[in-house]
Amino acid sequence: MSIASAAAVKARALALGFNLCGITSARPAPHLEAYLRWIEQGLHGTLGYLARPDRVARRRDLHQILPGARSLILVALDYHQAMLPPEIATDATRARIAQYAWGQDYHDLMLPRLEALASWLRADQAADVHWRAYVDTGAVLERDHAHQAGLGFIGKNTLLIHPRRGSGFFLGEILLDADFDSYDQPGPETRCGSCSRCLQACPTDAFPEPFVLDARRCISALTIEHKGFIDADLRARMGRWIFGCDECQTVCPWNRFGVATLEPTLTLIHPDRAAPPLAEVLALDAAGYAERYAATPLARVGRERLVRNACIAAGNSARPELASSLAPLLSDPSPLVRGHASWAYARLSANPIPALQAGLAHETDADARREWVLALASRSSG
Ligand code: B12
Ligand code: SF4
Ligand code: SF4
């Protein structure tokens with residue numbers, strides 16, 4: 001079994017552009033029980049992949065991923081950057097996109113670098129090494145292992161926070177069957193103290209308790225992962241977020257120490273990438289969507305879900321002029337879009353009843369029909 005130099009690997013990781021690197025042994029994640037409870041309580045909601053028995057088994061025992069696994073190399077890549085100018089961020093005619101998604105898809109950026117790090121390790125340090133590299137998609141509790149590797153502490157908002165960088169960074173890892181000449185030591189588990197700003201700031205009350213997130217209520221999960229209709233009582237709380245949400249990070253005092261990313265492809269090139277005019281998103285067809293969001297994190301949701309989210313954001317904008325952008329969507333081919341457009345149209349239009357009645361008369365989809373009925377009721381009774 002090879003014994004690799006921790007210092008050499010870390011120097012290589014930084015040379016490849018990662019901002020932090022730590023090494024820990026391939027033991028089970030210390031808060032594995034918290035994850036198992038989370039699944040048992042159904043807090044993962046519609047993120048079914050997190051509860052698949054084979055994936056649970058791998059999180060429980062990393063040897064199920066790589067037999068003979070000995071170590072984990074954890075890396076971080078900063079995505080933090082300056083906040084939007086207030087006149088853009090508060091412009092109610094614009095949508096909001098979470099900061100992590102302002103640039104290129106981070107998987108495309110990080111995975112080749114992790115592969116390059118592992119290949120270098122094989123060539124320079126450990127000829128017989130086997131590895132698996134992941135960003136996000138492995139059955140690995142990345143934050144728990146990253147804490148073990150000394151990359152930061154866990155916040156009450158569940159994010160991994162570095163005391164001198166805040167939480168605006170991605171994580172990635174290499175699981176491998178080599179040993180190292182030294183391993184990192186974890187710092188304190190948390191450094192939140194009596195602060196609870198994130199818990200109070202969450203617009204949808206998605207934290208049932210500190211360190212526990214209810215994904216069924218989280219705007220990030222609702223806008224990115226959830227495929228169907230979004231509960232009407234949550235819609236009104238979602239503000240103008242159409243992809244992800246940054247509220248529980250924006251309020252965190254540790255993010256005053258955020259370090260601006262050095263990656264040109266993650267850096268905001270135009271305010272519309274962070275806060276696109278809602279009228280433009282509502283008007284996207286499949287080709288326009290593909291052209292605008294290719295190779296970005298937004299490419300994964302598809303036009304239908306993005307426009308669904310934009311309907312909700314428009315409904316929350318209190319800007320009646322957006323009703324004219326919603327009107328064509330009342331006859332969109334997608335029931336998901338029609339249903340959410342009817343909700344938003346009822347909130348914005350001065351005279352929504354005729355269009356809503358016409359929509360209901362033609363509706364063939366049961367879920368969308370329910371939305372038309374509720375939209376009509378919301379204005380008839382008012
Ligand atoms: C599923 C998922 C989501 C879900 C669920 C999030 C959640 N909190 O569980 C949704 C879609 C909501 C989501 C949202 C976001 N995500 Co996400 N997500 C993941 C993913 C794929 C799995 C997370 C998971 O396993 N959750 C299950 C819970 C139980 O595990 P956990 O949150 O890691 O919690 C551990 C600790 O909190 C600890 N713990 C539990 N109880 C206690 C108690 C104490 C006292 C302590 C100290 C610790 C502790 O043990 C838990 C288990 O190990 C990871 C990548 C990965 N493979 O890990 C990315 C990941 C966590 N996401 C990431 C990001 C960037 C986000 C967003 C910021 C994106 C956005 N702006 O919209 C938001 C943040 C929302 C939030 N407050 O977490 C980054 C986080 C980087 C960081 N610095 O922490 C990751 C690591 C992806 C990556 N590779 O960079 N995400
Ligand atoms: S990402 Fe937004 S909705 Fe999700 S927990 Fe944080 S503040 Fe709440
Ligand atoms: S806002 Fe406060 S409680 Fe929440 S993660 Fe940051 S320091 Fe911890």
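Start by selecting Pro335, Arg338, Gly339, Ser342, Trp343, Ala346 and Arg347 in α16, which meet Ala368, Glu371, Trp372, Ala375, Ser378 and Arg379 in α18. "Meet" here is contact, that is, heavy atoms within 4.5 Å. What you're looking at is a predicted model: local features need pLDDT of at least 70, side-chain atom pairs count only at pLDDT 80 or more, and totals for chains, interfaces and linings use all residues. Residues are numbered from 1 along each chain as its sequence is written, chains are lettered from A and ligands numbered from 1 in the order in which they are written, and side-chain values use heavy atoms, with hydrogens and water left out.

**Stop 1: α16 and its neighbours**

Now show the whole of α16 (residues 335-348) and α18 (residues 366-380): their axes come within 8 Å and cross at roughly 5°. (Axes are lines fitted to C-alpha atoms, for helices over the stretch in contact, and angles run from 0 to 180 degrees between N-to-C directions.) That makes α16 roughly parallel to α18. Angles under 35 degrees count as roughly parallel, over 145 as roughly antiparallel, 65 to 115 as roughly perpendicular and the rest as oblique. Colour the contact by class and you get six nonpolar, three polar and four charged residues. Ala, Val, Leu, Ile, Met, Phe, Trp, Tyr, Cys and Pro count as nonpolar, Asp, Glu, Lys and Arg as charged, and the others, Gly among them, as polar.

**Stop 2: α2 and α3**

Jump to α2 (residues 32-40) and α3 (residues 53-60), with axes that come within 10 Å and cross at roughly 165°. That makes α2 roughly antiparallel to α3. Leu32, Tyr35 and Leu36 of α2 make the contact with Val56, Arg59 and Arg60 of α3. Four of these residues are nonpolar, none polar and two charged.

**Stop 3: the sheet**

Select the strands in the order β2-β3-β8-β5: they form an open sheet of four, with antiparallel pairing. Two strands pair if DSSP finds at least two bridges between them. At the edges sit β2 (20-25) and β5 (131-134), each pairing on one side only. From one strand to the next, the twist averages 20°.

Zoom in on β5 and β8 (residues 169-176), which run antiparallel and are joined by four bridges. Look for Trp131, standing opposite Leu176 in β8. Then bring in helix α5 (residues 106-124), which packs on the sheet and touches β3, β5 and β8. Helix α1 (residues 6-15) lies across β2 and β3 (71-78), running at about 145° to β2.

**Stop 4: two ligands**

Which residues surround ligand 2? Select Cys202, Pro203, Thr204, Phe207, Leu213, Cys218, Ile219, Cys245, Glu247 and Cys248. A residue is near a molecule if one of its heavy atoms lies within 4 Å of it. This shell has eight nonpolar residues, one polar and one charged.

Finish at ligand 3, surrounded by residues including Lys156, Cys192, Cys195, Arg197, Cys198, Cys252 and Trp254. Here the shell divides into seven nonpolar, three polar and two charged.

Technical notes: Helix = DSSP H or I, 4+ residues; strand = E, 2+ residues; numbered from the N terminus.
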